[in-house]
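Please look over the sequence and the structure shown below. The paragraphs after them go through the fold as a whole, then some helices, then a few single residues.

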Amino acid sequence: MAKTTSTSINRTNEIISAAIEVFAEMGYYRATTAKVAERANISQPYVFRFFATKEALLVEALKVSFARIQESFQQVIHSAPSEQLEQELITAYSQIMTEYRNEILLQMQAQTIGEDVVVSVMQQGFRDIHSIVFGAFRHAGIEHASQRTMLFLARGMLCNISMSLDLPELMKIDD
């Protein structure tokens, strides 16, 4: 790979990482590309060299966050024994929530953004995750795979709420 291409990819990734942090901290509507540029230690016009609009930057940030979950789940699916699949997927998601908290917060915020392109990215991201989990559960012979998939995803949403509101008691299981 040519140095210029490598540098552009690295700079793009740095801008997306900065955007994820800024959007998660400030919210999409309050965040500015100037703040993203500041966080990435570059000029605002340089951000626009890679992303034409703040919305385009948000879309790419969301795609990165969904790709991380999908890749993590695929790794688990290819390595976990069937009887441990669900628990290992839960563990993988918990690890993402810990290590990439801002990405989860970004997704949560994006659920409230009504712009068509953002809605479309969110829909596709959740469809893909649903498909991956359902296919894995079905392939593993888990009974009621559709229902278990729904419960798995619902638990993930509850985990997100628990994390964002600092309410770990929502996740306690007493029985």
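**The chain as a whole**

Among contacts in the protein between residues at least 6 apart in sequence, 63% join residues at least 24 apart; contact here means heavy atoms within 4.5 Å. The model is predicted, so local features need pLDDT of at least 70 and side-chain atom pairs count only at pLDDT 80 or more, while totals for chains, interfaces and linings use all residues. Residues are numbered from 1 along each chain as its sequence is written, and side-chain values use heavy atoms, with hydrogens and water left out.

The protein has eight helices and zero strands. Helices (H or I, at least four residues) and strands (E, at least two) are DSSP runs, numbered from the N terminus. Read from the N terminus on, the elements run α-α-α-α-α-α-α-α. The C-alpha trace spans about 55 × 40 × 30 Å along its principal axes. Of the 175 residues, 38% count as buried. Buried means under 20% relative accessible area, exposed means over 50%, and partly exposed lies in between (1.4 Å probe, protein chains only).

**Helix H5 and its surroundings**

Helix H5 covers residues 85–99, which is 15 residues. From its first C-alpha to its last it reaches 21 Å, close to the 21 Å expected at 1.5 Å a residue; the expected span is 1.5 Å times one less than the number of residues. Which residues of H5 are buried? They are Leu85, Glu86, Leu89, Ile90, Ala92, Tyr93, Ile96 and Met97. These residues cover an arc of only 160 degrees around the axis, which puts them on the same side of H5. The arc is that of the directions from the helix axis to the C-beta atoms. What covers the buried residues of H5 includes helix H4 (54–79), helix H6 (101–110), helix H7 (116–139) and helix H8 (145–164).

Two packed helices are described by the angle between their axes and the distance between the axes. Axes are lines fitted to C-alpha atoms, for helices over the stretch in contact, and angles run from 0 to 180 degrees between N-to-C directions. The axes of H5 and H8 come within 11 Å and cross at roughly 25 degrees. That angle makes H5 roughly parallel to H8. Angles under 35 degrees count as roughly parallel, over 145 as roughly antiparallel, 65 to 115 as roughly perpendicular and the rest as oblique. The crossing of H5 and H8 is right-handed, a term for a near helix turned clockwise from the far one by less than a right angle, with anticlockwise giving left-handed. On the H5 side, Glu86, Leu89, Ile90, Tyr93 and Met97 take part in the meeting. Their partners in H8 are Arg148, Phe152, Arg155, Gly156, Cys159, Asn160 and Met163.

H8 also packs with H6, at an angle of about 110 degrees and with the axes 11 Å apart. That makes H6 roughly perpendicular to H8. Here Arg101, Ile104, Leu105 and Met108 in H6 meet Asn160, Ile161, Met163 and Ser164 in H8.

Helix H4 holds Glu55, Ser65 and Ser72. Glu55 is partly exposed, with a relative accessible area of 26%. Leaving aside neighbours within four places in sequence, Glu55 is in contact with Tyr28, Glu115, Val117 and Val118. Glu55 and Arg30 are 25 residues apart in sequence and 13 Å apart in space, C-alpha to C-alpha.

Is Ser65 buried or exposed? At 1% relative accessibility, Ser65 counts as buried. Beyond neighbours within four places in sequence, Ser65 is in contact with Glu103 and Gln107. Ser72 is buried, with a relative accessible area of 15%.

**Two residues with positive phi**

His144 is found in the loop between H7 and H8. His144 has a positive phi of about 55 degrees although it is not a glycine, and at 56% relative accessibility it counts as exposed. Asp166 lies in the segment after H8. Its phi is near 55 degrees, a positive value in a residue other than glycine. At 63% relative accessibility, Asp166 counts as exposed.
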